Protein chains: 4
Amino acid sequence: MKIGFIGLGNMGAPMALNLLKAGHAVNVFDLNPQAVQTLVDAGATASASPKTAATDVECVVTMLPAAAHVRAVLSGDDGVLAGIARGVPIIDSSTIDPATVKACAELAAPHGNAFVDAPVSGGTGGAAAGTLTFMVGGSAEVYEQVKTVLSAMGKNIVHCGDTGTGQVAKICNNLVLGITMAGVAEAMSLGEKLGIDPKVLGGIINTSTGRCWSADTYNPFPGVIETAPSTRGYSGGFGTDLMLKDLGLATDAAKSVRQPVYLGALAQQLYQTMSTQGAGRLDFSAVIRLYRHDGDA
Amino acid sequence: MKIGFIGLGNMGAPMALNLLKAGHAVNVFDLNPQAVQTLVDAGATASASPKTAATDVECVVTMLPAAAHVRAVLSGDDGVLAGIARGVPIIDSSTIDPATVKACAELAAPHGNAFVDAPVSGGTGGAAAGTLTFMVGGSAEVYEQVKTVLSAMGKNIVHCGDTGTGQVAKICNNLVLGITMAGVAEAMSLGEKLGIDPKVLGGIINTSTGRCWSADTYNPFPGVIETAPSTRGYSGGFGTDLMLKDLGLATDAAKSVRQPVYLGALAQQLYQTMSTQGAGRLDFSAVIRLYRHDGDA
Amino acid sequence: MKIGFIGLGNMGAPMALNLLKAGHAVNVFDLNPQAVQTLVDAGATASASPKTAATDVECVVTMLPAAAHVRAVLSGDDGVLAGIARGVPIIDSSTIDPATVKACAELAAPHGNAFVDAPVSGGTGGAAAGTLTFMVGGSAEVYEQVKTVLSAMGKNIVHCGDTGTGQVAKICNNLVLGITMAGVAEAMSLGEKLGIDPKVLGGIINTSTGRCWSADTYNPFPGVIETAPSTRGYSGGFGTDLMLKDLGLATDAAKSVRQPVYLGALAQQLYQTMSTQGAGRLDFSAVIRLYRHDGDA
Amino acid sequence: MKIGFIGLGNMGAPMALNLLKAGHAVNVFDLNPQAVQTLVDAGATASASPKTAATDVECVVTMLPAAAHVRAVLSGDDGVLAGIARGVPIIDSSTIDPATVKACAELAAPHGNAFVDAPVSGGTGGAAAGTLTFMVGGSAEVYEQVKTVLSAMGKNIVHCGDTGTGQVAKICNNLVLGITMAGVAEAMSLGEKLGIDPKVLGGIINTSTGRCWSADTYNPFPGVIETAPSTRGYSGGFGTDLMLKDLGLATDAAKSVRQPVYLGALAQQLYQTMSTQGAGRLDFSAVIRLYRHDGDA
């Protein structure tokens, strides 16, 4: 299969590599020539523009930082829609707001193209290993059409419903995630001050009703879970600024549908405080540092 | 073994029954004569006072609504300490603040008695089935001493550390629980308004990083988890007023050790609002009703 | 002086009337023909488009619901910039985000026009009475240039600094306002439940360190301040949905400069809850109803 | 008039001095002998116990750190109630919870003494200058009886209603105060980042609907109000730990009457964070430092 791939950042580059490994032919485009060269060395074809990358392909994949980039790559004289053939699906794996997804789908429809939102979870590790989860928004037919391509890059390909629901799923999951992590940080810090051994407390929560991914897999208290970022100085993992971006998408989406999100809005301020204090690149579980002011956490 | 049991409410009564079933002889005391009669019918001996219940036994168990009751039952002319022999452990399974636990332990020490905090999780269902989890605070020796008695009433008997740490474990776990439930309620309500099928959203969260007991076992959105209280009108389960009590214990404990609990304090206000609006007896997952103002939730 | 005025809503119509009363000649434009007719009856000239309204005038004033309208009125073949002469200032009295103000100023600059942000406070009452406060963003020269026109519509014309700072002043003031009102609502409701006469409590706060406009002028508890909206069923006044819009601008602006706003974000959720429950058109002091669940409040 | 005065701390000492200055004879008691000596040097009589201080006087005044001290000073063999004559009023000017006030009133009633809550505002400056505000809870007759004594120490003597309402007034006022100060801190920090001159912003808020004591008298941004603690490094003023104590009383009282206090609970966490970070003795307006992470604030 011939695929156009646009956006070769920390996530996009390994995803495109996995398409090549699966035997697909891939046209690549990125503003960064070095990123392009790496893919070309691996067998991809460099394209001069999104338009060129989208020409004569059976599928287009985009992986970009934010909504503005997606809109820009899609439209204009050099954009994807200027080169793509009718009937070819456009899969956008960026994490953006559901409203932009719908706007993009409306831009693509007159050209005869489905615009499919397929944001991922699994991080750079999952992108490299090809074990990402894709949350796909689009009709049942389009979902069947794009499943094969996505399977070359991920392990779980979940159909969430119509256009935009992939983003909704991602945003809502990360809303829960941002809240539970800060909640676990509060409870672990409180327990420590009240004199319980954090490992014991972690063990109890993880076998009880407080059980959650933020406690049993990514526990923010150093040493409770050996493989968690907290145990290696909050390096690696899911960056605070990315969590902040996703909570921003969640509260914006909530505003747009007039829905209160009390804990989400408060969690957003906590991660914002971290970021303002210079911890934006640490794993988001470092939010526990807002609660612990002594020791080595 | 001969055991004194004080407090035969919704939790205490089935717990005492399980002691009888395990073959122990049980002296029971409660202010409610009907509750006493039920246990006597099952083979227990009625006592005229906490003092009498605690006389000539090898272990005393108390299961009471709040700290004031525990203090009252312990001291005074008719209290446990007036009747109990030296060396007999007092196990308190009430959920109360760690400071009261320490005060009670100091009251009991001069009489030669260990006061062990052993609050439970598992609800009335777990109490009836004998599958409760006990979180035990006390020395390693005392823990070994009380383990057999607790095993007749529960499945998991966890040693949390010194006196008071059982309560700390319970409070911290329920702090996480109260926060995650409200967080899941926000995300499920937001997802619904943004147009995703709640069952699909539930499925994604439960296999992703938002995974938690509040989503995969007690999901607050009706119909997502068939066995959850939300699916039967929020009846049964863990009452909102009990969650409110536990969050009150958590924020009070946080205040006492000068520890901020941002999300915990906010979650407390949400459950308080529910309770003020008359929903105190519904399962705490009904907190989702603060977010959904239409439909049948 | 000859002035073009665009936007004849609840605020714009009385403002344009005051310009006429002050002896100015006014070209008016609005999509609503009835609103235009009222002004024509009072001596204004109807214009067929923003372009026409801006042709051959010495000043243009716009008063529109949101940022999108301001952008639309400014540009395009029928827009203000298509008709306006070089050197004529454009005063925008809408409440919009500072980023849009800067974008509009950049659109106007090549045409030789200053774009001045001049949002107001004082409500429809102040608009009718000509007692509005204008918060003006622009250079000192432009401020001198527009002062006379604004003086016909308001009492306080405050120079806030460069382009955009008028909106910043308005947003920050209303951020304080939204927080203090909800804070006073909490304190008055709490005092009532604790048994103090609300009028007595109001009197104490208003002569003490809790003193604020939300307590001494717009007290949310019915009957404390006779002239407040709370005393007339929360009718009139400053609508909840308008407060919600302004808090949305504040939290968006905060996000754009990476600044936490804990109380602002929480207050936004409270007003959002009111609005979702159908109280969006009541005065924003009706937020007290979230705290009082009985009686006639 | 002969008065017994118990509690000679930062507030009590200058208050007792003002009673002496007004010509009253004063028995004083404090655990700190140096504090007693200073008052004796000024003409007071040292007492060996609260009982002695309360013997043969026409009025007793207590000014103590917390509820536990008030209870302790009142009862016991050496307590006020052991020495005081029937009909003599006990004025407690400590800031404590309304429930303790009622408990103390019930202790005093059988002895024939009215227990009057009369907490103050005005700080150590007002205590020295004799310009305190007293918020008095008690019957109209008792209020008339104690007014003269209080007038020697304060300027405003406000009758708030029955026993306990003085504390309610103080707690509710300080709840508003704690919220507005943090709200002003958010708005001033946001305005600064968005590029408006803080002095200009302060001026606009102070003449607009955001107007409040926290902005126009104690503005947290350095340099906006010359006489505010912010302008002298947050020294003097009303300590963060005192604000934290009062917000603790407010949220506890709210819990006791089942009343939500969203913003109050959040503000409490903010001041708690400050205190945990070592800023407990700074004026509470230093809460702005949680929002500004650069510069000299």
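Into which domains is chain A divided? Chain A is divided into domain 1 (2-162) and domain 2 (168-290), with bounds that come from an automatic or database domain assignment. The model is predicted, so local features need pLDDT of at least 70 and side-chain atom pairs count only at pLDDT 80 or more, whereas totals for chains, interfaces and linings use all residues. Residues are numbered from 1 along each chain as its sequence is written, while chains are lettered from A and ligands numbered from 1 in the order in which they are written.

The centres of domain 1 and domain 2 of chain A, taken over C-alpha atoms, are separated by 30 Å. Nine residues of domain 1 of chain A are in contact with nine residues of domain 2 of chain A; two residues are in contact if their C-beta atoms, placed from the backbone, lie within 7 Å. On the side of domain 1 of chain A that touches domain 2 of chain A, five residues are nonpolar, three polar and one charged. In this classification Ala, Val, Leu, Ile, Met, Phe, Trp, Tyr, Cys and Pro count as nonpolar, Asp, Glu, Lys and Arg as charged, and the others, Gly among them, as polar.

The secondary structure of chain A comes to 13 helices and nine strands. Helices (H or I, at least four residues) and strands (E, at least two) are DSSP runs, numbered from the N terminus. The C-alpha atoms of chain A fill a box of roughly 65 × 45 × 35 Å along the principal axes. For 297 residues, a compact globule would have a radius of gyration near 19 Å, and the 20 Å of chain A agrees with this; the radius is taken over C-alpha atoms, and the globule rule is 2.2 Å times the number of residues to the power 0.38. Of the 297 residues in chain A, 61% are buried. A residue is buried if 20 or more other C-beta atoms lie within 10 Å of its own, exposed if 12 or fewer, and partly exposed in between, with C-beta atoms placed from the backbone. Among the contacts in chain A with a separation of 6 or more, 63% join residues 24 or more positions apart.

The axes of helix 9 and helix 12 of chain A come within 9 Å and cross at roughly 115°. These axes are lines fitted to C-alpha atoms, for helices over the stretch in contact, and angles run from 0 to 180 degrees between N-to-C directions. In this pairing, A:Ile171, A:Asn174, A:Leu175 and A:Gly178 of helix 9 meet residues of helix 12 of chain A, including A:Met243, A:Asp246 and A:Leu247. The residues of this contact between helix 9 and helix 12 of chain A divide into seven nonpolar, two polar and one charged.

A:Lys170 is also placed in helix 9 of chain A. Why does A:Lys170 count as buried? A:Lys170 counts as buried because it has 28 C-beta neighbours inside 10 Å. Beyond its neighbours within four places in sequence, A:Lys170 is in contact with A:Thr95, A:Pro119, A:Ser121 and A:Met135.

The contact between chains A and B takes 56 residues from chain A and 56 residues from chain B. Helix 9 of chain A gives the most to the side of chain A that touches chain B, with 19 residues. By class, that side of chain A has 36 nonpolar, 16 polar and four charged residues.

C:Asp56 lies in the loop between helix 3 (50-54) and strand 4 (59-62) of chain C, and its phi is near 60°, a positive value in a residue other than glycine. With 13 C-beta neighbours inside 10 Å, C:Asp56 counts as partly exposed. D:Arg258, in the loop between helix 12 (240-256) and helix 13 (262-279) of chain D, likewise has a positive phi of about 60° although it is not a glycine. Most residues other than glycine have a negative phi.

D:Val287 is found in the segment after helix 13 of chain D and is buried, with 27 other C-beta atoms within 10 Å. Leaving aside neighbours within four places in sequence, its contacts include D:Met181, D:Pro220 and D:Tyr271.
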